[in-house]
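Hi everyone, thanks for coming.

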Amino acid sequence: MWQVRNYLLAGLIALVVACAAFAQQTRNPDPQARPTVKIDVDVVVVPVTVVDRNNRYVASLSRENFHVWEDKAEQQILEFSQDDAPMSLGILLDTSGSMTEALPGARRNAGECLETGAQGDEYF
């Protein structure tokens, strides 16, 4: 019985040492061993959402309201559009006893979110 316990203890110690060595290796990888991909691009899409101080969406902006900088050099905005993008929305409702009075309103609000969605939106 003692021998089995000693073997298990020795195996556990070896496993811990191996895991520690692996963790140290992955924490400080050799930068020469990691491949680097560099690609020159002419156009980059920068999606933005603007809200005011009251966290309300601001939709009436134009190209002149934006500046894009890269390495301290201002970049030209070649194209500007205001498009609706599909969204993914997850809704969680607390149905515990503490929500008894608020649950009908919460369900109604969740339903309104689903009704106002656009084509391509995802809900869960």
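Let me start with a question: is Arg56 buried, partly exposed or exposed? Arg56 is partly exposed, with a relative accessible area of 48%; here buried means under 20%, exposed over 50% and partly exposed in between, with a 1.4 Å probe and protein chains only.

A quick word on the ground rules. This is a predicted model, where local features need pLDDT of at least 70, side-chain atom pairs count only at pLDDT 80 or more, and totals for chains, interfaces and linings use all residues. Residues are numbered from 1 along each chain as its sequence is written, and side-chain values use heavy atoms, with hydrogens and water left out.

Back to Arg56: its side chain meets that of Asp52 in a salt bridge, 3.0 Å from N to O. The term means a side-chain nitrogen of Lys or Arg within 4 Å of a carboxyl oxygen of Asp or Glu. The structure holds one salt bridge. Asp52 counts as partly exposed because its relative accessibility is 27%.

Now the overall layout. We have two helices and four strands, taken as DSSP runs (H or I, at least four residues; E, at least two) numbered from the N terminus. From that end, the order is α-β-β-β-α-β. Of the 124 residues, 5% count as buried.

Last stop, Val44. You'll find Val44 in the loop between helix H1 (2-27) and strand E1 (68-70). With 60% relative accessibility, Val44 counts as exposed. Thanks, everyone!
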